[in-house]
Amino acid sequence: MRQASQRWIGLACCFLLPYTLAAQEPRKVEFNRDIRPILSNNCFVCHGPDNNLRKAKLRLDDEKDAHAKVLVAGKPMESELFARLITTEADKKMPPAKAMKQITKQEIELIKTWIEQGAKYEGHWSLIAPKKHELPAVKNAGWVKNDIDRFVLARLEKEGLQPAPEADPRTLIRRLSFDLIGLPPTPEEVDEFVMEYAGAKRGAAYEKVVNRLLKSKHFGERMAVHWLDIVRYADTAGYHSDNNRDVWLYRDWVIDAFNQNKPFADFARDQIAGDLLPNATNDQKIASGHNRLLQTTEEGGSQAKEYTAKYAADRVRNFSTAWLGMTLGCTECHDHKYDPFTTKEFYKLAAFFADIQEVAVGRQGQTPIMTSTQQAQVKKLDDDITQIQKEIAALPKEKVKDAQQKLAAVQKQKAAVQKAVPTTLISTSGPPRIMRLLKRGNWLDDSGELVMPDVPAVLPTMKIEKDKKRPTRVDLANWLVAPENPLTARIFVNRLWMLSFGSGIVKTADDFGALGAWPTHPELLDWLTLDFQASGGDTKRAIKQIVMSAAYRQSSKGTPELRQRDPYNQLLARQGRYRIDAEFVRDNALAISGLLVAKVGGPSVKPYQPAGYWRYMNFPVREWANDKGESQYRRGLYTHWQRTFLQPSLLAFDASTREECTVERPRSNTPQQALVLLNDPTYVEASRVFAEKIIKTTGKTPDRIQTAFRLALQRQASIDEVQIVNRLYDKHRKHYEANPKDAASLLSVGYAQAAKDIQPEELAAWTSVARTILNLHETITRN
Amino acid sequence: MATNNILTRRTFLRDTAAGMGLAALATLSHAQPSRSNRQGQPGAIQPHLPVKAKRVIWLYMAGGMSHLESWDPKPRLRAMDGQPMPTSFTAGQPIAQLQGAQLRCFAPQHAFRRFGQSGQEIAEIFPHIGSIADDICIVRSLKTDAINHDPAHTFMNTGTTISGRPAMGSWLSYGLGNEAEDLPGFCVLTSSGRYGQSQPIAQRQWHSGFLPSRHQGIHLRGTGDPVLYLTNPQGIDQERQRDVVDAVQQLNRLQDGVVDDPEIATRISQYEMAFRMQTSVPALRDFSQESQRVLDTYGIRGADGSFGANCLMARRLAERGVRFIQLYHRDWDHHGSVKDHMRGSAAEVDQATAALVKDLKARGMLDDTLIVFGSEFGRTPMAQGNGRDHHMKGFSMWLAGAGIKPGFHFGATDELGYNAAENIVTVHDLHATMLNLLGIDHLRLTFRFQSRDFRLTDVSGNVVNEILA
C-alpha cells in the first residue's frame, strides 16, 4: 500500500491502469483488459497509429505488424518485444529512458503470460458484444447491496482499497433528489427520511425515497436536461439569423417518455421513425421531431444543394454520437483514422434520412398538433354545435335569432381553440433524395457513387424484410435496439451511470471509439448493459439499481491519500462531488425561495436577461422581453434556448448551446458564476422571497438562521456559522434602518411584490443573509 | 499553521490532479487569496527560456483580411487581371464559396507604397501603420488548415480545428500564471465594423478546453455592463456587497474544513476575483485620466466599444498585468466590394493600431509586449464578383515589439499570392515562436488529458528564428 502510493506520486499525471496493480494469479490474459492499456500508455506514441511519430517502422497496435516483427506466439524469450522490456542494456531498453515511461514488473509479467498464451489481439472493446461475466468473488460480502457492488468491490479489493463509508442520511436524500429530479429535498422530506433511516427499516426507508423520486413528474424533467443536450434541442434555427422555431412539443414528449418509463426500444423508434410506424399517433409524430432538431438556415443567397449536404452530414454526426457513441464526423471527408468506419458508410447512414421533407434554405414548415385537452375541447364544442343546430331546426322563427347568436359564440370558441393549437416540427416522409458519396465532403462533386441506406459493416448487419427495396428509418431504429448491437445499450447505461456518479464507467461518454477512454470497470459495464437489455430497456429500473447500490451510497469525501492515488475517482472508492448543472442551479434557488412554479411542459419561457444581450443578432433585430407572472419562475429547462446567444446565466454555468451533440458538459468554476449568483435579478429576487420565508417561519434571529440553513442546505448551522451570519445580519439591519431608500430599492428587484407586512430594513437585512446562503459553494454542489 | 498544512496538502493534490508540475508548490499561499494578499496566481511552469515578451496583444482581424490589399504586393496579379486563374494553382485545392465557379484573377484593388527607412511595402490604405513600418515585421508566408471562419478561428486560437482544446491565452494562464491583481490574465474585447459581414465569434475561441476553468478568457463588453452581471443589484453598495462576499468566503472556508473539497479553494478565489472585477473593470473604461492628446492619437472620444477604444483598453489592461489580450474586430469578410470595403475596414483600424504601438513604445512597454496583427486566413487571388473568397494556402500577418526584428519582412507567396512559397510559416510555427518569446519551449508546455500529453502546437511547430531580433 505504502509502496503503491509512493509510486503514484511519481505517476501523478498518469491515468490508473486497469488491473495492473493487482496481485498476480494465473489466469487467462485478455488483450483488451490487460495488455492494451500497457502498450497504449507506454508504446503507442512511437509504435502506434500516428504516421508522423512512428519509430522503427513498427506498429504495436497492429497485430500483423507486431507478430511479423517482434512477437513469437508462445515464446516470450524469443519475442523481441519482451527482450527489449527486460534487457539491462541501456541503448536497447524499451521504453527508452528519455520517454520517461516506466513499466512495472507486474506489467512485464503480464506481457510474458500474454505471449505465452499466444499473444492474441482483440478488436476494439466496444464493438465486441457484451459478455456475461461471473459475479466476482469478494471478501467483504457484508458491504454488498446488489450485484453492481460485487464488481466495484472486487476491483477495490484487488487494489487494496476500502470503499468509503456510507454518506450521512441528509447527504443521501439530497444526492438522490438532485440526481433523480434535479431539485433539492424539502426539509420535511429530509426529516422524515432521517427519522426512518435511523430506525430498524433503513433499507426500506431509502428505497421509499428512491421510489418516490422515480415516480415524480420532475424525474422526466431531470432526464430531459441531459437528453436535450444530446439531440441538440433548441428553440431557434441556429444558423445566421437564428430565428425561432416551435418544437417544444418534442421537449415535452421527452419529459413524458421518461416519466412514463417508455421502453428504450420505443423511445428510440418513436424518435427516429415515429412518423413511419403503422397508424402513427400524434405522440409518435411529435417524437419524430427528433430528426428535425438540426441547425437550419434562412440566409438569402445560400445554396440549397450545399445546405442539403450540410443537413445530411449534421444528422449523421448527431446520430452516431447520440445513438452509437461514435464520432463519425471525420468520415464525411475521409475514412476514419482510428475507428473502422469509411466515408461510404457515412453517406449510407445519411441515406436513411434522405426521405425527410424539409426546406433547404428558408423557414421550416410547422405542423399543428392538438393536445388531448384541445381535442376534447373541440369535440365538445362540435357536439354543442350539432346540438344547437338541431335545436334551431326545431325552433319557431322568432327564437331562431337568439339561437343563432348562441351558435356563433360557440363557433367562435372553437376557432379560438383551433388557433391555439401548437405547432411543431415533425418528420414527414417523401421520395428520398439521391444520396451519393461526396468526395472530400465536396457537395459540388457529383462524381461519387450513389449509395443506399445501410449500417457500418463493422457492426452487426441489419435485418430487413426480403423483398424490401430500401431500408427505412424503422429498420435503422430496430437495428439500433436489437440485442446484437454492442453499442447503443452500452452507451445509454454508461450515461445513466454518469448521471449518478458524475462520470461514466467510460469517461469519454461521447466517444466509445479507439481514441475514447477505456472502461474503468469493463465487466460491470457489460453486466449493466445485458441487464438493461434483459429488462426490456427499463430505464427507471436501471437507475434504481445503480442508486440502490452501496457504491452509490458512499460518502464523496474520500481521504487525501485516496485522492492522491486516484484523482479522477476511477476506482469508485468514493462518490462523486460536483457542481449541479446550470438549470438546476436556477431551479434550486427558486425551489428554496418558494418561487418555483412546478408546472411541467408548455411553450418556452423568458426569465430575466440583461438588456442588449441580443445586440449582435440580426435579420431581424430582436429584443428579449422578460416574462411576467408564473412564466418568470419556471424551471431552467423551459428557458427559451437561443442557440447563438444562449441565456447568459445558464451559459455561465456551462449549459450547452446545442449546436452540436453534447453528452457531457464541462463543469467550470469561474468569476462569472459568482457574478451571476451575486447580481442576476433572478437570484436577488429569490433571496428576498427566501428571506420572507425565513422571517415568517420563526421569530428569533438564531432560529431564523437555523431555518435558513435548513431550507437551503437541509442541515443545522454550526455555532461558527450562526455567528458569521448573525454578524452580517446585525450590520445590514443597522445600515438599512439608516438608509431606508437602499432598502426600498433592494426590495423592488424582480417582478414579485415584496411582502408588505415585514419592516423593509428587516427584510433587506435578511435578504443579505439569503443572498449569502444562495451563493455558498455547498448550495450548488451535489456531493 | 495547521491550516497551512491542510492547504498545502490540498493544493498539492489539486495541482497534481490537474497535471500541474511541482513548480507551483513554491507559492502556495495564493491558493487562498484575501484582500491583503493579491498577487495573482502562480503558473504551472517556470519559463524555460529568456523571457522577451511579458504579454501579448493580439489584434485579430476576424473574417479574413485580404493579404493582397494590405501586406503582400503582387504586381503579377495586377497584370493577370481578368484572366483565368492558372489551374496549376487551383487544381485539387479546397475552395470555399467559389466551388464550381469560373476562377479568374482579380488585380489588387489598392496600390502599395514603400514606408519608412526600411522601405516596407504596405498598401496605401494603411498610412498610419505605414508610419510604424520600421517597428513591425511582416510575415507573408502564413498558411492555415481551415477554410471556413469557425474552424479557422478555432485552429488559430487552439492549434486544432477540433473544438474543446484550450485557447492560447488559457495555455499561458495555466503555464505562466496570472500577474494581474484584479483582472483575469486572459481578456477578450470585440468590436464590429461597418463593411464586412459581422461573422459570429463563438465563446469557444477563448475557452480553456480541458485546462482548469479558471484559465478561461473573459469577454469585456464594449457597452452596457462591461462584463455581464458585473453591477451590484440596486440597493447594494460596495460595502454591502463586500460583506456578503466576506460571509460567503468565511462560510465556504468553514465548510472546506468539514468536507475537504479542493473546488472550494477555487470557488473562493473566483469570488475574490469577481468582487475585485466589480471595481477594476469599470475603472478600465474610465478614460478620464487619459489626456485629450492620447484620445486624439487613438482617434476616439471615449470608451465606446469601438476598435480604437479597445486598443486603448488593451494598453490599460497591459499596464495592469494582463498577460494575453485579444481584440477581435469583426469586419473583414469581404466576399464582395473588396475595394471599398477594404478601404473602409482599414480606416477603422489603421490609426488606433499605429497609436497603440506608438503609445506602448513611448511608455517603454513595446520592449516587452508582443503585438500580433492578423486574421484567421487570407483571401483568394481570384475574384468572387468584385470581392474575394476565403483562402487558407497563403496569407500575411505582422508582429511587433518584444524580441521581434523591426522593419523587416519574411517569407513570400508565389507570384499570384496563392500559395505560401518561401519560408512557409504554419499556425503551429507562429504559436511556437510566440511561446518562445514568452520564455516557453513549446514542446514542454503540456497537459495530460485522456492519457495523452497535449500541447498548443499539437505535433508540430518550429520557432521562426529569422524574425527574432
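**Exercise 1. Describe the overall make-up of chain A and chain B.**

Chain A contains 32 helices and four strands; helices (H or I, at least four residues) and strands (E, at least two) are DSSP runs, numbered from the N terminus. This is a predicted model, in which local features need pLDDT of at least 70, side-chain atom pairs count only at pLDDT 80 or more, and totals for chains, interfaces and linings use all residues. Residues are numbered from 1 along each chain as its sequence is written, while chains are lettered from A and ligands numbered from 1 in the order in which they are written.

*Solution.* 
Step 1: dimensions. The radius of gyration of chain A is 30 Å, close to the 28 Å from the globule rule for 783 residues, so chain A is as compact as a globular protein of that length. That radius is taken over C-alpha atoms, and the globule rule is 2.2 Å times the number of residues to the power 0.38. Along the principal axes, the C-alpha atoms of chain A fill a box of roughly 110 × 75 × 55 Å.

Step 2: burial and contacts. Of the 783 residues in chain A, 48% are buried. A residue is buried if 20 or more other C-beta atoms lie within 10 Å of its own, exposed if 12 or fewer, and partly exposed in between, with C-beta atoms placed from the backbone. Among the contacts in chain A with a separation of 6 or more, 68% are between residues 24 or more positions apart; a contact requires C-beta atoms, placed from the backbone, within 7 Å.

Step 3: chain B. Chain B has twelve helices and 19 strands. Buried residues form 58% of its 469 residues, and 74% of its contacts with a separation of 6 or more join residues 24 or more positions apart.

Step 4: confidence. The mean pLDDT (the predictor's confidence in each residue, from 0 to 100) of chain A is 91, with 95% of its residues at 70 or more. Over residues 1-24 of chain A the pLDDT is below 50, and this stretch has 35 contacts in the model beyond near neighbours in sequence.

**Exercise 2. Check the length of helices α21(A) and α7(A), and identify what covers them.**

*Solution.* 
Step 1: α21(A). At 1.5 Å a residue, the 13 residues of α21(A) (residues 522-534) should span 18 Å, and the end C-alpha atoms are 18 Å apart, in agreement. The expected span is 1.5 Å times one less than the number of residues in the helix.

Step 2: its surroundings. Ten of the 13 residues of α21(A) are buried, among them A:W527, A:L528 and A:F532. Their cover includes α2 (31-42), α7 (147-158), α20 (488-501) and α22 (539-548) of chain A. Just after α21(A), A:G536 takes a positive phi of about 80 degrees.

Step 3: α7(A). Its twelve residues should span 16 Å at 1.5 Å a residue; the end C-alpha atoms of α7(A) are 17 Å apart, which agrees. Nine of the twelve are buried, including A:F151 and A:R155. The cover of the buried residues of α7(A) includes α21, α22 and α23 (550-553) of chain A.

**Exercise 3. Characterise the side of chain B that touches chain A.**

*Solution.* 
Step 1: count. The contact draws 50 residues from chain B and 55 residues from chain A.

Step 2: elements. On the chain B side, α1 (2-17), α7 (238-259) and α8 (262-284) of chain B each give two or more residues. The most come from α7(B), with eleven residues.

Step 3: classes. This side of chain B has 21 nonpolar, 19 polar and ten charged residues. Here Ala, Val, Leu, Ile, Met, Phe, Trp, Tyr, Cys and Pro count as nonpolar, Asp, Glu, Lys and Arg as charged, and the others, Gly among them, as polar.

Note on methods
Contact = placed C-beta atoms within 7 Å.
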